[in-house]
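Good morning, colleagues. May I ask you to look at the sequence and the structure together as I speak.

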Amino acid sequence: MKTLKLILLLPLTSLMVISCSTRRSGYPLTDVSIIPQPQTMIYGESNVVVPPVKEKKDASLGEEEYRIDISVRSIKVSYGSEQGLIWARHTLDQILQQQKEVDGKQTVPELTICDKPRYGWRSFHLDVARHMFPLDFLKTVIDCLSFYKINHFQLHLTDDQGWRIEIKKYPELTKEGAWRTFCGFDERCIARSEKDPAFAIDTDYIRNTNEYGGYYTQEQLKELVGYALERGVEIIPEIDLPGHLTSAIKCFLSMQCNGETGWGTEFSYPICAGRDENVEFFKNVLDEVMEIFGLLPVRSSLVEKLSGG
């Protein structure tokens, strides 16, 4: 009877040994926060030491769609286009930045992510007409937008307060239109800078001690466009027509119906859009803008209507 019990126990012992030998030791599983939140995130059992990354294009995925599979053997990245690959890499960056070393090793959670944007157009606006920013700062903004998968950057280049884009056919726009006598915006910054240096106006944007302004050359903007495209971001130039044009009207007073600049109850005097020479001005400005930003040769509805097109 004792012999029989021993025989019955042996198979059970063997099974236990096999089960233990196939289990692998892991690190404690950590949660991650990703901005914007992916459509699906499925966690595994534990963290693993960061394995090799393998990237592969997948024709079944949409243009901005991607999938990340993190296992003990590899991090597999599948993407539908270069745009999707950029977003996948940023997601991985966000995951890695949240991990702490364990026993001197960098780990990541076992994780499967499937993601694509809910909205195709995701944008951020920056007004450089009222306040200029250096080109390096604009590149930093683009880096941040790309990191959070914002795919459009609206750059407000012209308004009453300043003309910020070089137009070679009309050099007056940057010679005079890019500059203004200190206004309320500037005076508030100067006053606040006494207590907080962050509000101090960059001396590069001051002329004759009491004028604020500056502009971007066409070469600078072309460089910025290329920089943005490499990061999955398209720059949308904002050129205000036919209103909000004091910066241009003061260079060419004849463009205004009464030949002067000024303000009504709420808005500045607009350009006289019905004049043929002003329609020509619109066309010439937009032609150069479209060439800089790689836009299709489309014409604004205003120009088409006024020119009979």
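I shall speak about how some of the strands in this structure pair with one another. Please bear in mind that this is a predicted model.

Let me begin with strand S3, which covers residues 66–70. Is S3 largely enclosed or left open by the rest of the structure? Four of its five residues are buried, so S3 is largely enclosed by the rest of the structure.

Which strands does S3 pair with? One partner is strand S4, residues 75–79, and five bridges join the two in an antiparallel arrangement. S3 and S4 make up a hairpin, with four residues lying between them. Within this pairing, Asp 69 has Lys 76 of S4 as its bridge partner.

Strand S5, residues 107–115, is also a partner of S3; here too the strands run antiparallel, and five bridges join them. In this case Arg 67 has Cys 114 of S5 as its bridge partner.

I now turn to another sheet. It is an open sheet of three strands, in the order S10-S12-S11, with antiparallel pairing. Strands S10 (179–181) and S11 (206–207) are at the edges; each has a single partner strand, so one side of each is left without a neighbour in the sheet.

How many bridges link S11 and S12? S11 pairs with S12, residues 211–213, over two bridges in the antiparallel sense. Ile 206 is found opposite Tyr 212 of S12.

Thank you for your attention.

How values were computed: Residues are numbered from 1 along each chain as its sequence is written. This is a predicted model: local features need pLDDT of at least 70, side-chain atom pairs count only at pLDDT 80 or more; totals for chains, interfaces and linings use all residues. Side-chain values use heavy atoms; hydrogens and water are left out. Two strands pair if DSSP finds at least two bridges between them. Buried means under 20% relative accessible area, exposed over 50%, partly exposed in between (1.4 Å probe, protein chains only).
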